[in-house]
Amino acid sequence: MSITVFNTLSGKKEEYKPINPDYSGFYVCGPTVYDYFHIGNARPFIVFDVIRRFLIFRGYNVRYVMNLTDIDDKIINRAKEEGVTSKEIADRYINAFFEDIQKLGIRPADVYSRATDHVPEIITIIKKLIAVDAAYATAGDVFFDVKQFSRYGQLSKKKLEDLQAGKRIAVDELKKNPADFVLWKKAKPGEPSWPSPWGNGRPGWHIECSAMSMKFLGNSFDFHGGGQDLIFPHHENEIAQSCASSGCDTFAKYWLHNGFLDMKGEKMSKSLGNFITARELMEIYPASTIRLFYLQKHYRGPIDFSEDGLNAARTTAERLALTYKKLARLTPGYTGDFEMESRQQTPRLKEFHHRISTLDEELIAAMEDDFNTPGAIGKLFDIVREVNKFIDEGAAEEQEKEVLAWVQGKLDDYDRFLGVIDKSQGGIDHERMDAVMRAVIKLRHSLRKEKNWPLADQLRDGLTEAGIILEDSPAGTTWRWRK
Ligand SMILES: [Zn+2]
C-alpha cells in the first residue's frame with residue numbers, strides 16, 4: 001500500500017511519490033539554542049522522528065536534516081545577561097539539546113547544521129535574490145521584496161493585500177512594502193557580525209533554513225516539517241527565498257505541520273509561567289511514557305498537557321513493556337520466523353495467528369494513512385490483549401512458543417518507528433521486582449515507625465541511587481523507576 005500524507009500546501013491528503021528515487025529528503029526546523037527546549041518544542045522532534053522512522057521502515061532512504069539556529073536576538077540577549085559570548089550560550093544549549101533528544105529516544109539527524117557555519121552560503125543566496133530583483137539592500141539591511149514573488153501566500157493561504165492592510169500601522173521606513181522581510185540584518189554595536197557586500201551584519205532567521213535545506217537536500221526535496229506556528233511567516237518566507245533564488249517550481253513537495261501542546265487550554269509560553277522543559281519532564285517520566293503520551297494523539301491535532309494524561313500513559317507504557325518482557329521470557333532461542341502454512345494447525349493457534357495478522361495489517365494501514373499513530377497504538381494494544389489472553393490460557397506447545405516469537409518480532413518492528421517499548425530494564429522481571437519492592441517498602445515503614453530515621457533515610461538514598469523513586473501518599477507508599 002502507498003503512504004498518504006496531509007500536505008499543508010494543497011490542504012489535502014496526497015499519495016507520497018518521491019521526487020528522487022534514490023533518497024527522500026526531509027528537513028525539519030530545529031531549535032533556537034538559547035535555553036533547554038520545552039515540552040511544546042519536544043513535540044515536533046518526536047513526531048517527525050516517528051514519521052522519518054516509518055518511512056525508513058517502509059524502505060525509503062531518508063536523508064534527515066535539521067538546522068540549529070545559533071545566532072538570534074534571544075541568544076544575544078542571554079549572552080549579555082550572563083556576560084558570556086553568544087557562541088558559549090549556543091554551544092551549551094546545543095550540547096543540552098543532543099543530550100535531551102537522546103534521552104527521549106529520538107534518532108540523531110543525518111545532518112545537524114549550524115547557521116553560523118553557513119554564512120557564505122546565505123550571502124550567496126541573498127546576492128542571487130538581489131540580482132533577480134527579488135531583494136533590495138537599504139542602509140546595511142537587506143529585505144525580500146514580496147511583490148516580486150507571485151506565489152507569496154500560497155502555503156499559508158494569505159493574500160498579500162490583506163497582509164499590507166494589517167501591517168499599515170507598523171510600517172518600517174526602510175521597507176518598500178510592510179510585508180517585506182529581512183534577509184540580512186545590519187550589525188549593532190557589541191553584537192556578533194560577519195562581513196558582507198552590504199556591510200557587517202548577520203543573517204535573518206528565515207534565510208538560514210533556505211540555505212541549509214538546499215545545500216544538503218537540493219533545490220527540491222520531499223518533506224519539510226515544523227510546528228503549525230511556523231507556517232507563517234517562516235515557511236512561507238522559506239518558499240519565497242528558495243524558489244526566487246533557485247528558480248524551482250517546488251521547494252518542498254510535502255509540508256507537514258504538527259499541532260500545539262496546550263497547557264490547560266493555553267499555549268505554553270515563558271510569559272504565561274507554564275513553561276516546562278523536556279529535561280524537567282524526563283526527571284519524572286521515562287521517555288517511553290512521554291513518547292506514548294504524544295503519539296496517542298494525531299500529530300496534526302492539539303494535545304492538552306496534563307499530569308493525569310501522563311500518568312495514564314505511564315500505566316499504558318508499563319503494560320506494554322510487561323507484555324514484551326513476558327514474550328521474551330517465553331521465547332528464548334526462537335528466531336521469529338513463522339510459516340503458518342507449514343504447521344500442523346490447532347484451531348487455537350490458527351485463530352490467534354489470524355487475529356494478529358489482521359491487527360498487524362490494520363496497524364500498518366493506520367501509519368500509512370497520514371501517520372495515524374493513535375490508530376496504530378490502538379491496534380498495538382489490541383495485539384497486547386490478544387497476546388496476554390493467549391499466554392494466560394497456557395502457551396506451552398513448541399509451535400505456540402514459535403508463534404509468540406513471531407509476535408515479538410512484530411512488536412520489535414513497530415518499535416523501530418514508534419519507540420514506545422521500554423526495554424531498558426532488560427533482564428528485570430517486573431512482577432518479581434515489584435514483590436521485592438513491596439518487602440523493601442514494608443521494611444522502611446517499620447524503620448520509620450521505630451523512628452530509626454538514619455536507617456530509613458539510608459535505605460531511601462540507596463534506592464535513589466539505583467534509580468528507584470518512592471512516593472508517599474495517605475494511601476501508602478508506591479515505587480517507580482526514575483527514568
Ligand atoms: Zn526553518
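**Notebook: a protein chain and its zinc ion**

I started with the secondary structure and found 15 helices and 16 strands in the protein chain. I note here that the model is predicted.

Next I looked up the overall dimensions. The C-alpha atoms fill a box of roughly 80 × 65 × 35 Å along the principal axes. I then checked burial: of the 483 residues, 51% count as buried. The accessible surface of the chain comes to about 22,600 Å², and carbon and sulfur atoms hold 50% of that surface.

I turned to contacts. I took those between residues at least 6 apart in sequence, and 75% of them join residues at least 24 apart.

I also looked up the charges. The chain has 67 positive and 71 negative charges, and their mean positions lie 2 Å apart.

Then I went to the zinc ion. Which protein residues are its donors? I listed C29 (SG), C209 (SG), H234 (NE2) and E238 (OE), at 2.1 to 2.8 Å from the ion. Written along the sequence, the spacing of these donor residues is C-x179-C-x24-H-x3-E. Are C209 and E238 buried or exposed? I found C209 buried, and E238 buried as well.

Last, I asked why the arrangement around the zinc ion counts as irregular. The 4 donor atoms subtend angles of 75 to 134 degrees. A tetrahedral arrangement needs all angles between 85 and 135 degrees, so the angles found here make the arrangement irregular.

Note on methods:
Residues are numbered from 1 along each chain as its sequence is written. This is a predicted model: local features need pLDDT of at least 70, side-chain atom pairs count only at pLDDT 80 or more; totals for chains, interfaces and linings use all residues. Side-chain values use heavy atoms; hydrogens and water are left out. Donors are N, O and S atoms within 2.8 Å of the metal (3.2 Å for Na, K and Ca); water is not among the atoms, so sites may look incomplete. Four donors count as tetrahedral if all angles lie between 85 and 135 degrees; four count as square planar and six as octahedral if opposite donors are over 155 degrees apart and all others between 65 and 115; anything else is irregular. Buried means under 20% relative accessible area, exposed over 50%, partly exposed in between (1.4 Å probe, protein chains only). Helices (H or I, at least four residues) and strands (E, at least two) are DSSP runs, numbered from the N terminus. Contact means heavy atoms within 4.5 Å. Accessible areas come from the Shrake-Rupley method with a 1.4 Å probe; for residues, only the protein chains shown count as cover. Lys and Arg count as positive and Asp and Glu as negative; His and the chain ends are not counted. The place of a charge is taken as NZ of Lys, CZ of Arg, CG of Asp or CD of Glu.
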